[in-house]
Amino acid sequence: MAVALLAFGCNTGTPDPATDPAASPELPSLPVVDPVAPELPDIVARVNSRAITREELERAVRSAEIQAGQALPTQFRDQVYRSVLDRLISFYLLVQESEALNISVEESIVDAQLETIRSNFPNEEAFGAQLDSWNTTLEILRDETRRDLLVQGVLEAEALANIDVDIETVREFYNQHTEQFTERGDVRARHILIGLSPDAQEPDKAEARQRAEAVRSEVADGTDFAELARTHSEDPGSAGNGGDLGVVVKGQTVPQFEEALFALEPGDVSGIVETAFGFHIIQMIERQESRLVEFAEASVQIREFLLQQKQQARTSIFIEELKTKSEILILI
């Protein structure tokens, strides 16, 4: 959840006038949580006898930022901090359970896991620089890796054992969700855009439409569409490629553009299509027919999905059971 919140809605690029639905993007529905003070105490929570420190929480938030590939949006700070803290609490409950169950991890397995992490870097210098940027050390990473393996051992022994999905369940899911396995008729298209600013007045609109109609006349006279796009299109994302938009699927474009595009046959060119971005001339390049993915092809993916669902449900139940028999104190 923390990574999903971090990754939400920080797009600062210019929207593509053809492929951005761009009505009015709404914020996701976020859980309402208690605010988190700007200055955190040294100890942010206690899980039985284990204290979770401010440094641990901050490091876990930084890890979420790294996975999301961006800094924490300030408007989501409370939700992310509370979500990450809840994950830390669950993590230490599982670590403590590994002690109760006498689960251990051989150092050779920890070494192998560390070597896998190290192999992602070209040399020791780069690996050391990454540790510095994470504000951690090799010993801390070793301890965290060991604890990760202990948690994995607990879950495999107590929560995830004997989970399976039979072929009948897989087929039932397939039969009930055939729309999810229908590949839609995607199309390849190109367009020419005569752009308009959002606050354009009627004289500006009339002038832009006249220019679009003049270009459309050139298309009708046989002038190469791609060349006209390079010369006249004001879409910076596609003009240099002769207006080529690549593969376009339904739901990807603004409604007026979609309606006009999918009404065309391969090789056809639309009339003047007005959207909030301006006036478009659209050419359908090719269309792929829709098809239903066969059960044999989809079954492996379905089984993996259903297994993950069962594993997540079992894990959540197991952690809730641990919480009910533990003493948890949240201090932020």
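A network of salt bridges links Glu107, Asp111, Arg142, Asp143 and Arg146 in this predicted model. Side chains of opposite charge can pair when their charged atoms come close. In total, 18 salt bridges are counted in the structure. Three further pairs are described below.

Arg188 and Asp244 form a salt bridge in which the closest N and O atoms are 2.6 Å apart. This pair connects distant parts of the chain, with Arg188 located in strand S4 (residues 187-195) and Asp244 in strand S5 (residues 244-248), 56 residues apart. Arg188 is partly exposed, at 25% relative accessibility, and Asp244 is likewise classed as partly exposed, with a relative accessible area of 22%.

A salt bridge also joins the side chains of Arg59 and Glu55, with an N to O distance of 3.8 Å. Both residues belong to helix H2 (residues 54-68), where Arg59 and Glu55 are 4 residues apart, about one turn of the helix. Arg59 is buried, its relative accessible area being 15%, whereas Glu55 is partly exposed, with a value of 47%.

The side chains of Glu56 and Arg50 meet in another salt bridge, at 3.1 Å from N to O. Glu56 has a relative accessible area of 11% and is therefore buried, since buried denotes a value under 20%. Arg50, with a relative accessible area of 26%, is partly exposed.

Note on methods
Residues are numbered from 1 along each chain as its sequence is written. This is a predicted model: local features need pLDDT of at least 70, side-chain atom pairs count only at pLDDT 80 or more; totals for chains, interfaces and linings use all residues. Side-chain values use heavy atoms; hydrogens and water are left out. A salt bridge is a side-chain nitrogen of Lys or Arg within 4 Å of a carboxyl oxygen of Asp or Glu. Buried means under 20% relative accessible area, exposed over 50%, partly exposed in between (1.4 Å probe, protein chains only). Helices (H or I, at least four residues) and strands (E, at least two) are DSSP runs, numbered from the N terminus.
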